[in-house]
2 protein chains.
Amino acid sequence: MTESINKLAHKFSKLPGVGAKTAMRYAYAVINMSEADVEEFRAALGDVKHNVRYCAECGNFTETDVCEICRKRPSDTICVVTYPKDVVAMEKAHSFRGVYHVLHGTISPLDGRGPDDIRIKELLARLDGVKEVILATNPDVEGEATAMYIARLIKPLGIRVSRIAQGISMGSDIEYADEVTLSRALESRVDL
Amino acid sequence: MTESINKLAHKFSKLPGVGAKTAMRYAYAVINMSEADVEEFRAALGDVKHNVRYCAECGNFTETDVCEICRKRPSDTICVVTYPKDVVAMEKAHSFRGVYHVLHGTISPLDGRGPDDIRIKELLARLDGVKEVILATNPDVEGEATAMYIARLIKPLGIRVSRIAQGISMGSDIEYADEVTLSRALESRVDL
């Protein structure tokens with residue numbers, strides 16, 4: 001292959017989950033793109049790098065100092081998530097109308113990440129006038145530990161702290177649910 | 001998500017096999033790349049589009065008028081492949097030392113692709129002094145049809161025409177081989 005193709009494939013291979021073969025496929029696809037498409041691609045790469053930063057309030061990606069959600073929504077309910085992509089997932093559910101707080105990681109002593117390595121201090125600084133903090137970290141060991149840690153800090157302040165429910169996924173099959181999920185679903189059963 | 005992130009994800013989603021979620025993951029990865037990495041990425045995109053063209057001889061990708069393989073290797077044996085990526089695969093096998101001819105497609109009447117839509121004329125124009133043409137199109141319906149069509153054109157010229165062997169893949173299991181492959185492997189059995 002030519003030098004330029006190899007170089008571009010090498011760049012693509014730095015993207016998450018992209019191996020050498022996929023990177024080469026992407027590079028070939030670029031050869032067949034129109035000149036205009038490639039220019040737009042290049043501009044889009046530059047724009048993301050130059051325009052995107054963290055919201056001064058919630059830590060989500062934004063192109064202004066404070067993101068649109070923080071500017072427009074009532075800030076008395078904060079939903080705490082791990083990463084910006086979790087905000088995207090929550091917003092798709094169209095069920096939450098408050099603001100978010102992005103931790104940018106979890107507490108994980110095994111990996112040497114403590115409370116000071118994620119945005120917990122920034123969360124505590126936002127609690128004035130807040131009525132409820134919803135913890136929407138992942139239902140895995142690190143996400144649970146992070147949620148428990150934050151709950152223990154905030155509950156004494158007299159603010160309601162809740163955790164998103166765990167249970168059987170909609171449309172899934174009880175037969176194939178793992179035991180932990182199933183036992184959580186039983187514990188959290190709701191009266192009808 | 002911000003406008004810039006959406007735009008970049010949209011560009012990534014034009015790559016083969018990249019859906020909306022993967023595209024978004026790639027866009028996030030770009031945010032975390034260093035400024036220098038993003039600039040190199042942009043330069044690599046432009047270079048591929050501006051420097052890469054088809055070799056005037058074989059039709060493979062090149063950055064010079066005639067590719068390195070055509071310039072340096074004996075041209076009395078031509079290996080005919082479908083796409084440039086097949087040249088990469090063949091070269092990795094380190095078994096062929098002649099030159100290639102890239103058809104850039106197969107004959108497929110059902111899709112309205114005839115012999116004039118792929119580089120067969122260009123192949124015929126290269127046959128002066130050629131001793132053997134090896135047909136390395138894929139062992140599927142279109143690849144077989146294309147190989148048969150080319151063989152029928154070239155054999156009458158007194159040039160040896162061969163087809164790469166079909167059989168059980170190295171390291172695979174006879175138990176799981178499909179019947180067509182297995183019957184081909186039997187037909188093409190080799191005396192020991």
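How do the residues of the lining of the second largest pocket divide into nonpolar, polar and charged?

Modeller: This is a predicted model, in which local features need pLDDT of at least 70 and side-chain atom pairs count only at pLDDT 80 or more, while totals for chains, interfaces and linings use all residues. Residues are numbered from 1 along each chain as its sequence is written, and chains are lettered from A in the order in which they are written.

The lining you ask about divides into seven nonpolar, two polar and five charged residues, with Asp, Glu, Lys and Arg counting as charged, Ala, Val, Leu, Ile, Met, Phe, Trp, Tyr, Cys and Pro as nonpolar, and the others as polar. The second largest pocket has a volume of about 380 Å³, and of its 14 lining residues (those with an atom within 4 Å of a pocket point), A:Lys21, A:Met24, B:Lys85, B:Val88 and B:Lys92 are the closest to its centre. Helix H2 of chain A and helix H5 (84–93) of chain B each supply at least two residues of this lining, and H2 of chain A gives the most, with seven.

For context, the largest pocket has a volume of about 700 Å³, and among its 28 lining residues A:Val88, B:Met1, B:Asn6, B:Met24 and B:Tyr28 are the closest to the centre. Strand E2 (61–62), helix H4 (68–72) and helix H5 (84–93) of chain A, together with H1 and H2 of chain B, each supply at least two residues there, and that lining divides into twelve nonpolar, six polar and ten charged residues.

Conventions. Heavy atoms only, no water. 1 Å grid on protein atoms, 1.4 Å probe; cavity = no way out; pocket = protein on both sides within 12 Å on 5 of 7 lines; lining within 4 Å. Points joined across faces, edges and corners; volume = space filled by probe spheres on them. Helix = DSSP H or I, 4+ residues; strand = E, 2+ residues; numbered from the N terminus.
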